[in-house]
Structure formats: C-alpha cells, structure tokens
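Visitor: Could you take me through this model, with the criteria behind each term set out as they come up?

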Amino acid sequence: MFSINTIDPSAQSQCVSRGQILLQRGVDAPWVGFIESGRVALGVLEGEVLEHQIGVLEGPCWLDASSVVLGLPHLVDAVADSSVQLRQVSIEDFRKGMADMPESAQAVLADVAMAHRRQTEFAVSRLAKDAEARCAEWLLSHARASDHGVMAVELQQRKRSIAAQLGIAPETFSRVLRHLREQSLISGTGRVLNLVNPNALRSLAGV
C-alpha cells in the first residue's frame, strides 16, 4: 500500500492556515505533502492571489505527488483554501518508498502520474489563452449548421455555467460576447448565437 504511513509513519502533522501557499509552480519543494484534512486550491497565482483556479483537492490525498514521481517541477500553485492538516515526507523517503514497490506497480504509478500531468498541462494551457480566445474556441466547438446553412450555437446552459467551464467570470463572458458582436464575428442576443465569421473566430481561438 503506497500510503504516508508505509513511507514515513513518523512524519508530523502540522496545521496550515487558509491562504498559505503550499506549492509554487516551477519550484522544486524538498518534500512531498499529504493532506490529511482540509481543502487546497490549485491554479495560477498572480502575486499572492490565486486568480486562476483549475481544481481543488480535499484530504486525505497526496499533494501533486505526480510531479515527484516523474522527477519534474510542479505545474501549478497550491494554496490552502481552508485550514489544512498537512504531513510532509522528504523527497528521499518518498522515492525510497517507490523503489520498494514491485516493478509492475512502479510502472503503473508512472503511467498514472504522466496521465495526470498531461491533464494538468492542458488545464494550464487553457489559462494561457485570453478570455476571447477561450470563448471563440467554445463557440466553434459547440456550433451546428442551421436550416439556412449558417453556423450557430444554441445556449442550452446558463451563462454562469458556461463561464465556469471556461474559467472566467460570468461578467467577463457577457463582455466578450458583446465585443464579438461589435466586431461582427457573431450575431444574436437570445439563446441562439450565429457565427457570422467562423474563420475570424478560428484565428482568434488559435485553431
């Protein structure tokens, strides 16, 4: 069993207050964290504020052990989103625990870690695109040809839900749609949006 207790049963638990930075992307921490309880937000920091959030971890679970398994730097920042009980294991002890596992189990662990990292890379790459690019990409992926041969998107979800999928505020989503209308890239103000200039939207989305 690959657990904190089999790796380092003597690791002491510490209480981390809400708002404390636990991991920084691109920085190699000398330890691997195990969240016993509490909630940790993952994303990209702007200064000391997590402006872009891509996920949440709730204990008990490991804190970005995938990066350590692969020997790669962290892709995201991690901030305590509540009071967190955290135990820390040294990188050396963590890797020793991996080495004690059967080779087949190590291979599976590496595969899972790589799959998790690719998902994280995709999520971070979405953040790298500005709001207009993400909205344009979403419109193109949900467009269908109407009876008149015009590409259109029917908004079957609330704008708040769509904005959450895109990782932006609902107000930002509404502002971007207004801007796209002003540029004559889309038309329509109800639940159906017509893609007036799909090629320009593709250019904006970078696809």
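This is a predicted model: local features need pLDDT of at least 70, side-chain atom pairs count only at pLDDT 80 or more; totals for chains, interfaces and linings use all residues.

Guide: Residues are numbered from 1 along each chain as its sequence is written, and side-chain values use heavy atoms, with hydrogens and water left out.

Visitor: At roughly what angle do the axes of α5 and α7 cross?

Guide: Helices (DSSP runs of H or I, at least four residues) and strands (E, at least two) are numbered from the N terminus, and axes are lines fitted to C-alpha atoms, for helices over the stretch in contact, with angles from 0 to 180 degrees between N-to-C directions. The axes of α5 (residues 131–141) and α7 (residues 170–182) come within 10 Å and cross at roughly 75 degrees. That makes α5, relative to α7, roughly perpendicular, the class for 65 to 115 degrees, whereas under 35 is roughly parallel, over 145 roughly antiparallel and the rest oblique.

Visitor: Which residues of α7 make the contact with α5?

Guide: Contact means heavy atoms within 4.5 Å. On the α5 side the contact is made by A131, E132, C135 and L139, and on the α7 side by T172, F173, V176, L177, H179 and L180.

Visitor: With which side chain does the side chain of S67 make a polar contact?

Guide: S67 is in helix α2 (residues 65–70), and it counts as buried because its relative accessibility is 2%. Leaving aside residues up to four places away in sequence, S67 touches L72, P73, H74, L75 and R117. A polar contact is a pair of N or O atoms within 3.5 Å; within protein, one must be able to donate a hydrogen and the other to accept it, and residues adjacent in sequence count only if both atoms are side-chain atoms. At 3.3 Å, the partner of the S67 side chain is the side chain of R117.

Visitor: How far is the backbone nitrogen of R39 from a polar atom of the S82 side chain?

Guide: S82 is found in the loop between β7 (77–80) and β8 (84–90), and it is buried, with a relative accessible area of 15%. Beyond residues up to four places away in sequence, S82 touches V16, S17, R18, G38 and R39. From a polar atom of the S82 side chain to the backbone nitrogen of R39, the distance is 2.9 Å.

Visitor: Is S184, with its positive phi, buried or partly exposed?

Guide: Most residues other than glycine have a negative phi. S184, although not a glycine, has a positive phi of about 60 degrees, and it is found in the loop between α7 and β11 (186–187). At 45% relative accessibility, S184 counts as partly exposed.

Notes: Buried means under 20% relative accessible area, exposed over 50%, partly exposed in between (1.4 Å probe, protein chains only).
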